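Let's take a walk through this model together.

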Amino acid sequence: MDVITQMCQERDRARQAAADRTRQLQELMLEHVSAIAAETAKAARLDQMIATLQQGAAYAPEPAQAADQAETKAEARPAPDDEPVPDEAERMPAPKVSGLVAQVIADALAKAGAKGLSGTEVNDAVRDAGYTLDASEKNKTRLKNKNLVYHDRKAQHWYLKDPTKA
């Protein structure tokens, strides 16, 4: 009987040790989960601040003097061979709009000409310029509300409106 009692006591100690280790592991996991949650929340706040600052910069009008200097200093670059250049009759001049993201969109749509761009292609142009998807969506809507661009839901393409046709 002593052997059975000893084995039961050994089993109880093993169960208690396992329970203690499980509790310790859970406490460590909670610590790390809390730290991960705090870092994730911090990153999300920073993303939001960055997007807000970029969006604010997108709505800020560019100084005319800086734009003039940039135009005089800019070198003429030929179009890459892999991008088709639309005919001059097909290409519309890009309107000058306030905001950097809005100008990126207007330039991309002007370059696309009459064929327009899908929403994804517009977003890609904005993303390639270093801005967020959110900035792209907000500025597409803003340009649409200002009647500078047109979104054809059926074709799912965006087009630059011709300023000569009211």
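Predicted model: local features only at pLDDT ≥ 70, side-chain atom pairs only at ≥ 80, totals over all residues.

Residues are numbered from 1 along each chain as its sequence is written, and side-chain values use heavy atoms, with hydrogens and water left out.

Let's begin with the overall layout. The protein chain holds 5 helices and 3 strands; here helices (H or I, at least four residues) and strands (E, at least two) are DSSP runs, numbered from the N terminus. Read from the N terminus on, the elements come in the order α-α-α-β-α-α-β-β. Of the 166 residues in the protein chain, 20% are buried, where buried means under 20% relative accessible area, exposed over 50%, and partly exposed in between (1.4 Å probe, protein chains only). Contacts, meaning heavy atoms within 4.5 Å, also say something about the fold: of those in the protein chain with a separation of 6 or more, 57% are between residues 24 or more positions apart.

Strand β3 (residues 157–160) runs antiparallel to β2 and is joined to β2 by 4 bridges. You can pick out two facing pairs here: V149 has L160 in β3 as its bridge partner, and Y150 stands opposite Y159 in β3. As a reminder when you look along a strand, side chains in a regular strand alternate between the two faces of the sheet.

With a relative accessible area of 55%, Q156 is exposed. There is another residue of this kind: N147, in the loop between α5 and β2, has a positive phi of about 65 degrees and is not a glycine either. N147 has a relative accessible area of 48%, so this residue is partly exposed.

Next come the helices. Axes are lines fitted to C-alpha atoms, for helices over the stretch in contact, and angles run from 0 to 180 degrees between N-to-C directions. The axes of α3 and α5 come within 9 Å and cross at roughly 75 degrees, which means that α3 is roughly perpendicular to α5. By definition, angles under 35 degrees count as roughly parallel, over 145 as roughly antiparallel, 65 to 115 as roughly perpendicular and the rest as oblique. On the α3 side, the contact is made by V101, A102 and I105, and on the α5 side by A135, S136, N139, K140, R142 and L143.

Helix α4 (residues 119–128) packs with helix α5 (residues 133–145) at an angle of about 120 degrees, their axes 9 Å apart, so α4 and α5 are oblique to each other. From α4 come G119, V122, N123, V126 and R127, and from α5 come L133, S136, E137 and K140.

Which residues does K140 touch? Leaving aside residues up to four places away in sequence, K140 touches I105, G119, V122, N123, V149 and W158. This lysine lies in helix α5 and counts as buried because its relative accessibility is 3%. R127, in helix α4, has a relative accessibility of 43% and therefore counts as partly exposed. Finally, look from R127 across to V101: the two are 26 residues apart in sequence, and 9.5 Å apart in space, C-alpha to C-alpha.

Key
Pairing = 2+ DSSP bridges.
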